[in-house]
Structures are given as structure tokens and as C-alpha cells.
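Colleague: I have not looked at this one before. Can you put it on screen and take me through it?

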Amino acid sequence: DGRNKRYRIGPKLFSLAASASEEAEYARAVEPYLEDLARRSGETSHLAVRTGSLVSVLARRVPDSPVQISERPGVTRPAHATATGKVLLAAMEPEDFERLLATMPLDTFTPTTVTDRDRLREEVRQARDSGIAGDDGEFHREVRCIAVPVTGYRSRRMAALGISAPVYRLSMAELRAKEPLLRDTAAEISRALGQAQG
């Protein structure tokens, strides 16, 4: 009748469970930094990791303002249409990125979504060189975002830190003016993670 059967967690499932547990722990650890970034920048802050051609938002903080961007932690987004995704694609080894690029579905979400592989390749190269990427209404037509890498996350996996703002309130140039604050926070998170794992 099956009541006496024993079940074992297979290595793949165990790996997924461990990964989810690590990510939940990681999200809790970075929440104070996201809260501080949201308060100081006046914009929504979020942290994401990549799985294949998708990015997952691990944690998110909205500033105390009447304008809020509605998105829950844990949602997935296409890497090619988001600033965090481009940063995470740029963190890949070039040959690994090329293999992924060959099979990525470059779906269109808005008129500004990058759907050309050569153009995406160039944007990822620029993100690799500059350490920052942008998304000018490419996934949500009404939302702009910039993102930078976070290091020190289990060393083998990158994360990306971003801030988002409604397009009607901030131009891309105005959002880019907040880059130093974004980079400072990413460096603080990277240091904290490195010390915690040291």
C-alpha cells in the first residue's frame, strides 16, 4: 500500500532546496541595504539573481512615497529586457553567454525591448566594460531601471542590484545621476557578504 516506502531527496532536488534556502537567507541579509538605498535614492530598490535566461527578484524595497512600482519579490523576469538581467548576463564567461544567447527567446514586451541578438550582445559587452546596465522601459513601458553587479554571493554566483523609477518622473539621465549611490550600496553588500563568508 506504499505506507512503508521510504523516500530520499535526490541530489538535484536537494541542490534546488539548498539554493532556495541560501537565497532566502541572502534576501534577509540584504534587506537593510535595500531599505537604505530606497530611502536615500527615493526610488524602488531590488536585488536579483539569474537562472538561465531569467532573473529572479530576491528582495525589493519601496521608498516612502506615493509613487510605487508594483512587483513582488520572487517574480521572474526575462534577462534581455531588464537592467539586472543585462548585468548578470555580462557576468557570464563570454563563451557561456554566447551559448545561452543562441537559444534565448528574445520576446518583445514594449517598443523599446531589445530583440536583436547583435544589439543585446553589444549592450552586454558595454555592461561588462562599464559595470552598469540600463533598461529604458524595455519590460514595463512605464518603468526605467539601472543596475550594477554585487560580488561575494557564494563566490560562484553573481547578483545584481538595481533601482527603478517611473518614466514620467525621471529621465534616464536623471536616474543615471543616482549611479554613485547604487554603486556604493553594491560595494557595501559585497563587503558584508565577503566578510560573512570569509
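Colleague: Which residue forms a salt bridge with Arg40, and how far apart are the closest N and O atoms?

Modeller: Arg40 forms a salt bridge with Asp36, and the closest N and O atoms are 3.2 Å apart. A salt bridge here is a side-chain nitrogen of Lys or Arg within 4 Å of a carboxyl oxygen of Asp or Glu. This is a predicted model, where local features need pLDDT of at least 70, side-chain atom pairs count only at pLDDT 80 or more, and totals for chains, interfaces and linings use all residues. Residues are numbered from 1 along each chain as its sequence is written, and side-chain values use heavy atoms, with hydrogens and water left out.

Colleague: Where do Arg40 and Asp36 sit?

Modeller: In helix α1, 4 residues apart, so about one helical turn separates Arg40 and Asp36. Helices (H or I, at least four residues) and strands (E, at least two) are DSSP runs, numbered from the N terminus.

Colleague: What other salt bridge does Asp36 form?

Modeller: One with Arg39, where the closest N and O atoms are 2.4 Å apart. Asp36 and Arg39 are both in helix α1, 3 residues apart, which is about one turn of the helix. Arg39 counts as exposed, with 59% relative accessibility.

Colleague: How many salt bridges does the structure hold?

Modeller: There are 16 salt bridges. One of them pairs Glu31 with Arg61, with the closest N and O atoms 3.2 Å apart. That pair links distant parts of the chain, since Glu31 is in helix α1 (residues 11-41) and Arg61 is in strand β2 (residues 54-61), 30 residues apart. Glu31 is partly exposed at 29% relative accessibility, and Arg61 is partly exposed at 26%.

Colleague: New topic. How many helices and strands are in the protein chain?

Modeller: The chain has 6 helices and 6 strands. From the N terminus on, the order is α-β-β-β-α-α-α-β-β-β-α-α. Of its 198 residues, 43% count as buried.

Colleague: At what angle do α2 and α4 pack?

Modeller: Helix α2 (residues 83-90) and helix α4 (residues 117-130) pack at about 75°, with axes 8 Å apart. The two helices are therefore roughly perpendicular to each other. Axes are lines fitted to C-alpha atoms, for helices over the stretch in contact, and angles run from 0 to 180 degrees between N-to-C directions. Angles under 35 degrees count as roughly parallel, over 145 as roughly antiparallel, 65 to 115 as roughly perpendicular and the rest as oblique.

Colleague: Which residues make the contact?

Modeller: From α2 they are Lys86, Leu89 and Ala90, and from α4 they are Glu123, Val124, Ala127 and Arg128. Contact means heavy atoms within 4.5 Å.

Colleague: How buried is α2?

Modeller: 8 of the 8 residues of α2 are buried, so the helix is largely enclosed by the rest of the structure. At its start, a side-chain oxygen of Thr82 comes to within 3.1 Å of the backbone nitrogen of Gly85.

Colleague: What about Lys86, buried or exposed?

Modeller: Lys86 is buried, with a relative accessible area of 1%. Its place is in helix α2.

Colleague: Which side chain makes a polar contact with the Lys86 side chain?

Modeller: The side chain of Glu138 does, at 2.7 Å. A polar contact is a pair of N or O atoms within 3.5 Å; within protein, one must be able to donate a hydrogen and the other to accept it, and residues adjacent in sequence count only if both atoms are side-chain atoms. Not counting residues up to four places away in sequence, Lys86 also touches other residues, among them Ala79, His80, Val114 and Asp135.

Colleague: Last one. Where does Met172 lie?

Modeller: Met172 is in helix α5 (residues 172-176). Leaving aside neighbours within four places in sequence, Met172 is in contact with Gly134, Asp135, Asp136, Arg144, Cys145 and Ile146. The C-alpha atoms of Met172 and Ile146 are 8.6 Å apart, and the two residues are 26 residues apart along the chain.

Note on methods:
Buried < 20%, exposed > 50% of the residue type's maximum accessible area, 1.4 Å probe, protein only.
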